[in-house]
Amino acid sequence: MGDRMQVGLERIFRDRGIPVAVARQGSAFCVYFMDREPRDWHDLAQHHDSKVDEHYRMELIKQGVYHFPLPTKQGSICYAHAESDIDQTLEITERVVASL
């Protein structure tokens, strides 16, 4: 399911022409609003668009998808989630990204 989330997120942002890097390790994932995964904290601080990230997360929360409302915090998938949860998250994310 982690792969399904990552591929879906990458497609959503690519289709809108918004450069992001979706980093994932197993069931943990994070969208970075920059053109590559950050190499370190300094790279993240200099190139990640924290303002867009915050807006993205708050809009997801308003629409029922909880991501920690702090930029660069990871999202997580657990055994309680089903494929339908991933699909619903991606549908909501698509609406949110359209508003960015």
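Trainee: Which residue in S2 does Ala21 stand opposite?
Mentor: Ala21 stands opposite Tyr32 in S2, where strands are DSSP runs (E, at least two residues) and helices are runs of H or I with at least four, numbered from the N terminus. This is a predicted model in which local features need pLDDT of at least 70 and side-chain atom pairs 80 or more, while totals for chains, interfaces and linings use all residues. Residues are numbered from 1 along each chain as its sequence is written, and side-chain values use heavy atoms, without hydrogens and water.

Trainee: And how many bridges join S1 to S2?
Mentor: Strand S1 (residues 21-25) and S2 run antiparallel and are joined by 5 bridges, pairing being assigned if DSSP finds at least two bridges. They form a hairpin with 2 residues between them, and Gly26 in the turn has a positive phi of about 65°.

Trainee: What about S2, is it buried or exposed?
Mentor: S2 is mostly covered, with 5 of its 5 residues buried, that is, under 20% relative accessible area with a 1.4 Å probe and protein chains only, whereas exposed means over 50% and partly exposed lies in between. Ala28, Cys30 and Tyr32 are buried on one side, and Phe29 and Val31 on the other.

Trainee: Switching topic, where is Lys51?
Mentor: Lys51 is in helix H3 and is exposed, with a relative accessible area of 68%. Its C-alpha atom is separated by 22 Å from that of Glu91, 40 residues apart along the chain.
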